Amino acid sequence: MRKSRWPPAATSDLRAMNLTLKVWRQRNAKSEGRLETYQAANVSPNMSFLEMLDVVNEDLIAKGQEPIAFDSDCREGICGACSLVVNGVPHGGKKGTTVCQLHMRHFKDGDTITIEPWRARAFPLIKDLIVDRSALDRIIQAGGYISINTGGAPDANALPVAKYLADLAMDAAACIGCGACVAACKNASASLFVAAKISHLNLLPQGKPEKDRRAKAMVMQMDKEGFGACTVTGSCEAVCPKEISIDFIARMNRDYAVALLKGEPHSPAIDGA
Ligand code: SF4
Ligand code: FES
């Protein structure tokens, strides 16, 4: 009988690491911030980046010190809550990966890792590594509702959707609203986020009735929130953990231009009506 080996070779052969962390600490938006140095000892390569920070925090709490404040929720790459700039790159630079899904095996023993918050005027700092991303919620809110028919449920095939449009809409709907695209952009533009949110509705027949109003309202809310303009550098696409394509920005610009040309007049969320 073949003997099973546990843990498997690939896992057991990974050695614990000792790391130096340089972490942005800032009591609140009004106080001055600075990078503080911490040692993270005996870090398992199988830990996620956030689990590593949990261990550092347990150590700080045991010493009676203030733990490092950072955002997280699902820790499965689906909620968009985690938001750390690791070594200068939002989410740490592993393609298609949120920082909660980034594992310590991608670092080396002895590494120094710098951890900072998202930096953008529209994302005011709350504490340490936590910023206020409610501007993104207000943009979604400005998009408003979708008309629905409240009669009996239609037959599944009564509303045909072309396969390529369904696929495109699904690609756009993958956006988790993390804001990494803003943090990576030299202009702090939210264009990739807004383009994804507009497109996943505007591409489908259900989203067509409010298409023009939605495009105008969401783009105007983005500007109102203080995000910068898009100069198509592509840095947003490079860091997006859901690999949203910048092609959606071209689609958003087209939808917005059409809305303006049609003279889409009334955007309640913008006009305050
Ligand atoms: S477009 Fe990508 S980076 Fe931007 S908020 Fe959505 S998931 Fe995050
Ligand atoms: S904590 Fe939910 S995506 Fe990272």
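**Helix packing**

Modeller: Helices (H or I, at least four residues) and strands (E, at least two) are DSSP runs numbered from the N terminus. The model is predicted: local features need pLDDT of at least 70 and side-chain atom pairs 80 or more, whereas totals for chains, interfaces and linings use all residues. Residues are numbered from 1 along each chain as its sequence is written, while chains are lettered from A and ligands numbered from 1 in the order in which they are written.

Biologist: At what angle do helix 3 and helix 6 pack?

Modeller: Axes are lines fitted to C-alpha atoms, for helices over the stretch in contact, and angles between N-to-C directions run from 0 to 180 degrees. Helix 3 (residues 134-143) and helix 6 (residues 191-202) pack at about 30°, and their axes are 11 Å apart. Helix 3 is therefore roughly parallel to helix 6 (under 35 degrees; over 145 is roughly antiparallel, 65 to 115 roughly perpendicular, the rest oblique). Leu136, Ile139, Ile140 and Gly143 of helix 3 meet Phe193, Val194 and Lys197 of helix 6, a contact being C-beta atoms, placed from the backbone, within 7 Å. By class, this contact of helix 3 with helix 6 has 5 nonpolar, 1 polar and 1 charged residues. Here Ala, Val, Leu, Ile, Met, Phe, Trp, Tyr, Cys and Pro are nonpolar, Asp, Glu, Lys and Arg charged, and the others, Gly among them, polar.

Biologist: Are helix 3 and helix 7 roughly parallel or antiparallel?

Modeller: Helix 3 and helix 7 (residues 211-224) pack at about 155°, with their axes 8 Å apart, and are therefore roughly antiparallel. Their crossing is right-handed. Helix 3 contributes Arg138, Ile139, Ala142 and Gly143, and helix 7 contributes Arg214, Ala217, Met218, Gln221 and Met222. The residues of this contact of helix 3 with helix 7 divide into 5 nonpolar, 2 polar and 2 charged.

Biologist: Which way does strand 5 run against strand 1?

Modeller: Two strands pair if DSSP finds at least two bridges between them. Strand 1 (residues 17-25) and strand 5 (residues 112-117) run parallel, joined by 4 bridges, and Val23 stands opposite Ile115 of strand 5. Strand 3 (residues 84-86) is joined to strand 5 by 3 bridges and runs antiparallel to strand 5; there, Val85 has Glu116 as its bridge partner.

Biologist: Is Thr112 buried or exposed?

Modeller: Burial is a count of other C-beta atoms, placed from the backbone, within 10 Å: 20 or more is buried, 12 or fewer exposed, and in between partly exposed. Thr112, in strand 5, counts as exposed because it has 11 such neighbours. Setting aside residues up to four places away in sequence, Thr112 touches Thr20 and Lys22.

Biologist: What is the phi of Arg75, and what is that of Asp128?

Modeller: Most residues other than glycine have a negative phi. Arg75, however, has a positive phi near 55°, and Asp128 has one of about 45°. Arg75 lies in the loop between helix 2 (49-62) and strand 3, and is partly exposed, with 16 other C-beta atoms within 10 Å. Asp128 is in the loop between strand 6 (125-127) and strand 7 (130-131); with 23 other C-beta atoms within 10 Å, Asp128 is buried.

Biologist: How many helices and strands does the protein chain have?

Modeller: The chain has 10 helices and 7 strands, and 37% of its 273 residues are buried. Its C-alpha trace spans about 65 × 60 × 35 Å along the principal axes.

Methods. Two residues are in contact if their C-beta atoms, placed from the backbone, lie within 7 Å. A crossing is left-handed if the near helix is turned anticlockwise from the far one by less than a right angle, and right-handed if clockwise.
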